[in-house]
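User: Could you walk me through this model, a few questions at a time?

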Amino acid sequence: MPGADTLPLLEVRGVAKRFGSVEALRGVDLRVHAAEVVALLGDNGAGKSTLIKTISGVHQPDSGEILVLGKPVAIPSPRAASALGIETVYQDLALCDNLTVVQNLFLGRELHRFSRWPLHWVPARRRMVERATEVVRQLGTTLPSLHSQIGTMSGGQRQAIAVARAMVWGSRLVILDEPTAALGVEQTANVRRVIRNLRASGLGVILITHNMQDAFALADRIVVMRQGRAIAEMDPKVVTPDQVVGAITGGSAISMEP
Amino acid sequence: MMSHSRSPATPSILARLGASRIAHGDLGFLPVVFGLVVIALVFYNLTPVFLTPRNASNLVLQLGPLALLTMGMVLVLLIGEIDLSAGSVAGCAAVVLVVLLTRYGWPAVGAIPAALLFGCLAGLIQGSWVVFVRAPSFIVTLTGLLVFQGLQFLLLGEEVGALLIYDPFVKGIASTYMPHWLAWCFVGLTAIIALAAALTAPARNARRLLRLLLFPLVAAAIVAVLNLYFGVPYLLLLVIAVALALTLLTEHSLFGVHLLAVGGNAEAARRAGINVSNVRIRVFALCSTLAALAGIVAASRQYSVDSATGGGNLVLDSIAAAVIGGTSLFGGRGRIVGGLLGAVVIGSVSNGLDLLGQPAHIKTIITGLILLAAVSVDMLARRRRISSGAAGA
């Protein structure tokens, strides 16, 4: 297992989160190392979304701690998560169809040529194109042109662009929420290649998925969540999909939690 | 703008006009330019006066307020909103200007900024209302339309009829012409800039070079024609300067990208860290400021203001002009140049029908039909765009 003995990129220790009377997270532990893909599986309401939103700064944990490279950190906002090198690609991708690939990659964080007002409105186009070219090549994805509007592109290409946007910022950890849902066979293959290239670039990846094939094809570790806890950690090379399904539904030997 | 041209682009005239894109349903400005040619030919056949330097000069002056208003409207439509109050704000700002000049004896140097500031404030208030109360801009600016129309009457006071302008500078805005040599200097400047752009462009291709050549040629043609009459009105310089500034803003600045992002997918823009509220308020302020400028120009042309200044169909014409120029009513798509071309379409039709002595109701009917034709062409082209796999916004 890559980097099992090194300091984890991200470590979540006993994180709990409660919304009113609902205990969404009841003390979750999770580790992600560099160059590792961790698949996070679980039924609806198992707490996957709450967990990633806590890691990406949308929610604040009630208790427990989050460590990045061994240091406890506070993640009060998505901006703070970005600053720590944690980028999240949500299922809706949050792309603008009427903008070009480059414009989408740098949206809201454009490189500019001057620092003073109002000259900071002048974009540093060449630098952005260079960085975008680099990232797109690293991801091994093919796009018609970095200057075409993305409304014309396929679901797989759009997913790749959203991942590329997470990478532009030199992130350490990319969280992907259902990246292959609603994609065709070929596009799914492309997105899988993109995820493998992310890992090859030394990034940690948390992959939230319902797709067992994705989990087995991509993950170095499978973590199963149920009722607000990470109840099982499995090696996809050892377990079978049936065992994972068993863990998700609670139908296996693992005892039901109250 | 780069295109998704799968067919090889040949460096011909057709390629310059975007022939390779047309197959994919991306018509660009082709329908508008074609429409303008048709309009010119039809009116020339009906009355040869239409294509005279004198009428061209008149047309430029008539177009001023509509062109300025349309450019503001394009900005608001780009972020997916609408500003129905623009005409009323124009009229009201014109009345503010003239009341300050004539009743209070302010100098132009104080009254013009005051009128522009009035427009800016009108936009700030309406934009803030849209953003903070989350009321639809249609309703907020409809309120603006009514309120500012009322305010215009209120400011004019009991006095019936027009309030005259005596200030020579304000009167001169829409009725002075630059010397012939100065106009040619501007053509020369255009040529130098186009040449510099052609030489410094990183990727040199025939289409780009031909497009750059278009600017000095069009400028030279306009100057040559207008110099046959009184010359180039300073008003044209004002309109072109505003158009250039807004084109830089929308197409070559980060603010322009944010503006398109807000129009294309506001939620994505917000999550990308763009201050969406800020962008929206700024755009409403900018649109209303341009409306105030349009009002000042309209007042200058009339040498007076009355309750009808900025009223009538002006605001609806500006929306129509923006749409004819390819601006989407759903946000995220449109260009300042397009709005300008759309304004020229509406302006020339109105001018031509005036020359033919047609009454106002015929003008509105024909303007409406042209709007319908423009939207239909766009919808058909869009359907083609979708079927060729290039949906776009």
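Analyst: Happy to, and a definition comes first: a residue is buried if 20 or more other C-beta atoms, placed from the backbone, lie within 10 Å of its own, exposed if 12 or fewer, and partly exposed in between. Helices are DSSP runs of H or I with at least four residues, strands are runs of E with at least two, and both are numbered from the N terminus. This is a predicted model, in which local features need pLDDT of at least 70 and side-chain atom pairs count only at pLDDT 80 or more, while totals for chains, interfaces and linings use all residues. Residues are numbered from 1 along each chain as its sequence is written, and chains are lettered from A and ligands numbered from 1 in the order in which they are written.

User: Which residues of α1(A) are buried?
Analyst: Helix α1 of chain A covers residues 48-55, and seven of its eight residues are buried, so the helix is largely enclosed by the rest of the structure. The buried residues are A:K48, A:T50, A:L51, A:I52, A:K53, A:T54 and A:I55.

User: Which residue with a positive phi follows α1(A)?
Analyst: The phi of this residue lies near 90 degrees. The residue that follows α1(A) is A:G57.

User: How many residues of chain B are in contact with chain A?
Analyst: Two residues are in contact if their C-beta atoms, placed from the backbone, lie within 7 Å. Chain A brings 23 residues to this contact, and chain B brings 24.

User: On the side of chain A that touches chain B, how many residues are charged?
Analyst: Ala, Val, Leu, Ile, Met, Phe, Trp, Tyr, Cys and Pro count as nonpolar, Asp, Glu, Lys and Arg as charged, and the others, Gly among them, as polar. That side has nine nonpolar and ten polar residues, and the charged ones number four.

User: Which domain of chain B is made of two segments?
Analyst: The bounds come from an automatic or database domain assignment. Domain 2 spans 177-232, whereas 26-176 + 233-385 make up domain 1.

User: Which helix gives the largest share of the side of domain 1 of chain B that touches domain 2 of chain B?
Analyst: The centres of the two domains, taken over C-alpha atoms, are 25 Å apart. Their contact takes nine residues from domain 1 and eight residues from domain 2 of chain B. On the domain 1 side, α4 (53-78) and α11 (234-251) of chain B are the elements that give two or more residues. The largest share, four residues, comes from α4(B).

User: Why is α15(B) called oblique to α16(B)?
Analyst: Axes are lines fitted to C-alpha atoms, for helices over the stretch in contact, and angles run from 0 to 180 degrees between N-to-C directions. Helix α15 (residues 314-324) and helix α16 (residues 336-355) of chain B pack with axes 7 Å apart, at an angle of about 120 degrees. Angles under 35 degrees count as roughly parallel, over 145 as roughly antiparallel, 65 to 115 as roughly perpendicular and the rest as oblique. The angle therefore makes α15(B) and α16(B) oblique.

User: Which residues of α15(B) touch α5(B)?
Analyst: Helix α5 (residues 86-103) of chain B crosses α15(B) at roughly 130 degrees, and their axes come within 7 Å. From α5(B), the contact uses B:A86, B:G87 and B:A90. From α15(B), the residues are B:L314, B:V315 and B:S318.

User: How much of chain B counts as buried?
Analyst: Chain B has 17 helices and two strands. Of its 393 residues, the buried share is 44%.
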